Amino acid sequence: IRCWSNIPFITMPLSRAHGKSFAHRSELKHAKRIVVKLGSAVVTRGDECGLALGRLASIVEQVSMLQNQGREMMIVTSGAVAFGKQRLRHEILLSQSVRQALHSGQSQLKDMAIPVLEARACAAAGQSGLMALYEAMFTQYSICAAQILVTNLDFHDEQKRRNLNGTLHELLRMNIVPIINTNDAVVPPPEPNSDLQGVNVISVKDNDSLAARLAVEMKTDLLIVLSDVEGLFDSPPGSDDAKLIDIFYPADQQSVTFGTKSRVGMGGMEAKVKAALWALQGGTSVVIANGTHPKISGHVITDIVEGKKVGTFFSEVKPAGPTVEQQGEMSRAGGRALAALQPEQRAEIIYRLADLLTDQREEILLANKKDLEEAENKGRLALPLLKRLSLSTSKLNSLAIGLRQIAASSQDSVGRVIRRTRIAKDLELEQVTVPIGVLLVIFESRPDCLPQVSALAIATGNGLLLKGGKEAAYSNQILHHLTQEALSIHGVKDAVQLVNTREEVEDLCRLDKLIDLIIPRGSSQLVRNIQKAAKGIPVMGHSEGICHVYVDTDASVEKVTRIIRDSKCEYPAACNALETLLIHRDLLRTPLFDQIIDMLRVEQVKIHAGPKFASYLTFSPSEVKSLRTEYGDLECCIEVVDSVQEAVEHI
């Protein structure tokens with residue numbers, strides 16, 4: 001139902017056939033129809049006369065990329081006034097006695113007075129040039145653009161509104177990017193913000209309200225509002241205690257203090273928030289972000305669509321638990337309290353956790369069974385990862401033993417004097433072990449990693465953020481619950497936090513103000529990805545688990561097959577399992593070599609041949625493509641060497 005009145009704004013947003021807005025950033029990659037609003041501060045140069053051509057070209061490139069992916073892109077742009085101001089100033093300079101300007105010297109030219117230019121005249125002079133620039137840029141990507149100029153009456157008048165709607169739909173159908181702007185050459189002066197009292201009304205009096213109105217009218221999935229600030233802050237940007245709001249909920253309006261508007265343009269942040277909330281209520285997701293920062297403007301639009309943590313995301317769905325930023329702060333405070341405990345108290349927490357792993361064995365295995373069943377039903381995990389995901393009674397018992405060993409050796413982990421130097425009489429310099437701060441540990445498919453890492457963090461007095469794979473969600477949840485139960489005996493429950501929100505790993509790696517060290521525990525690809533994504537945070541990486549066993553001519557016959565079987569077949573998914581078996585050349589075609597091969601066949605180990613080994617055989621197993629493969633399964637490579645020294649060099 002549309003309710004109209006004699007004042008030029010709509011009183012209720014139009015209902016949308018495709019449902020509500022996206023609840024989480026990760027869903028933004030599914031956005032099909034997108035409106036990108038370019039604020040005046042984004043489009044114009046710092047002197048407000050002319051366009052920021054490099055920035056504009058980058059934005060056009062990103063919009064073109066998304067358009068060519070099959071999305072329907074629309075741009076609401078400012079810039080006509082700035083472009084027109086540049087042209088009119090140039091014309092005025094020439095008209096103020098061309099000969100005087102050309103022949104009277106540069107100093108006199110600089111002193112010539114430029115009259116104040118009326119905004120509507122600037123818009124009339126700049127609109128055609130602005131559109132010509134857009135057309136030239138989009139042509140580079142084989143994309144056609146079309147200009148549409150609107151006023152508030154085009155939305156107020158029912159027939160005009162339908163015509164506008166039909167035109168936009170037809171352009172989108174033909175794969176054309178509509179470029180929309182208010183017709184600033186004829187619009188009346190802006191009225192006071194009489195409609196900022198609530199979110200149920202909105203008038204088109206600036207490009208923020210135009211973009212919101214258009215987004216709801218066209219049932220778009222996403223509205224991206226680019227300005228000259230990073231997003232929405234809980235207090236005016238630049239103030240000492242200002243914090244960027246990652247996700248903004250309609251109920252949080254009272255917690256925000258608005259500052260002054262940007263250096264150019266008609267709207268300020270208050271107008272943007274009002275427009276964003278109105279669009280959100282109409283079913284369109286909204287992100288407000290910085291389109292001027294040189295480090296991010298080249299990919300800000302594509303990053304938003306990919307669901308990365310950029311700007312402020314407006315959502316109607318508030319999660320039940322704390323945000324990852326709040327978890328980071330809780331972990332830091334809890335870690336400091338943990339570090340202040342006596343070593344015996346920290347050890348007591350770890351002993352308690354070891355006891356809980358065995359006492360709550362049935363509940364842990366039940367949760368792990370749910371993870372295994374889901375992984376098998378969805379078929380998303382390879383067999384080696386399934387084996388790493390699996391827990392058993394023996395694994396839990398071994399885990400408890402390991403934790404008790406950590407507790408026993410943790411007495412001097414914190415506060416131990418490593419070195420003491422006397423630098424003057426009665427003045428000594430000490431090097432002492434201290435906690436690092438907050439650790440972020442990211443691990444894959446190994447729920448047993450959670451209590452291990454937690455125990456190490458507790459022993460060393462560090463706060464801990466844990467990000468496990470979603471395939472182990474149930475196992476991680478109960479293991480984290482038991483960890484916090486153990487921490488509670490000394491009131492430091494918050495020191496260890498499990499990140500359960502839909503945070504992408506790349507977004508976590510940007511929290512340099514909350515995290516002091518990142519430790520990835522998983523594949524070499526995971527380590528490389530995190531090292532690449534980390535922004536200003538050290539990453540403690542690790543090498544691949546390409547482990548070798550070398551069999552020398554003097555090896556004990558009784559030990560060889562037992563060692564190889566244990567190192568390959570006992571737990572092939574472990575990162576210290578055998579991957580390459582090196583055999584001395586003189587052992588080929590001997591009974592010992594035959595025993596090794598027979599044992600591997602009985603254990604159903606698939607054998608790959610290294611280049612040298614393959615050269616000795618008439619019919620060899622499949623030759624490996626790389627000797628740097630970590631199989632993590634009942635597979636291994638066999639290679640031949642001439643000596644123990646060559647084996648060492650190979651490894």
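Colleague: Let's start with a single residue pair. Which residue in β13 does L465 stand opposite?

Modeller: L465 stands opposite Q497 there. Keep in mind that this is a predicted model. As for the general idea, strands of a sheet pair through backbone hydrogen bonds, and the pairing can be parallel or antiparallel. Here β12, residues 463-468, runs parallel to β13, and three bridges join the two.

Colleague: OK, zooming out: in what order do the four strands of the open sheet come?

Modeller: Read across, the order is β13-β12-β11-β14, with parallel pairing. At the edges sit β13 (496-498) and β14 (517-521), each of which pairs on one side only. On average, neighbouring strands are turned by 20° against each other, direction ignored.

Colleague: And what does helix α18 touch in this sheet?

Modeller: Helix α18, residues 473-487, packs on the sheet and touches β11 (438-443), β12 and β13. Its direction makes about 160° with that of β13. Helix α20, residues 524-533, packs on the sheet too, touching β11 and β14. The direction of α20 makes about 160° with that of β14.

Colleague: Now helix pairs. How do I read one?

Modeller: Two packed helices are described by the angle between their axes and by the distance between those axes. The crossing of α14 past α16 is right-handed.

Colleague: Which residues of α14 and α16 make the contact?

Modeller: From α14 you get R361, I364 and L365, and from α16 you get T393, L396 and N397. By class, the residues of this α14 and α16 contact are three nonpolar, two polar and one charged.

Colleague: At what angle do α16 and α17 pack?

Modeller: About 10°, with the axes of α16 and helix α17 (residues 449-460) 10 Å apart. So α16 is roughly parallel to α17. On the α16 side the contact uses L399, L403 and I406, while α17 brings P451, Q452, A455, L456 and A459. The contact of α16 with α17 has seven nonpolar residues, one polar and no charged ones.

Technical notes: Residues are numbered from 1 along each chain as its sequence is written. This is a predicted model: local features need pLDDT of at least 70, side-chain atom pairs count only at pLDDT 80 or more; totals for chains, interfaces and linings use all residues. Side-chain values use heavy atoms; hydrogens and water are left out. Two strands pair if DSSP finds at least two bridges between them. Axes are lines fitted to C-alpha atoms, for helices over the stretch in contact, and angles run from 0 to 180 degrees between N-to-C directions. Contact means heavy atoms within 4.5 Å. A crossing is left-handed if the near helix is turned anticlockwise from the far one by less than a right angle, and right-handed if clockwise. Ala, Val, Leu, Ile, Met, Phe, Trp, Tyr, Cys and Pro count as nonpolar, Asp, Glu, Lys and Arg as charged, and the others, Gly among them, as polar. Angles under 35 degrees count as roughly parallel, over 145 as roughly antiparallel, 65 to 115 as roughly perpendicular and the rest as oblique.
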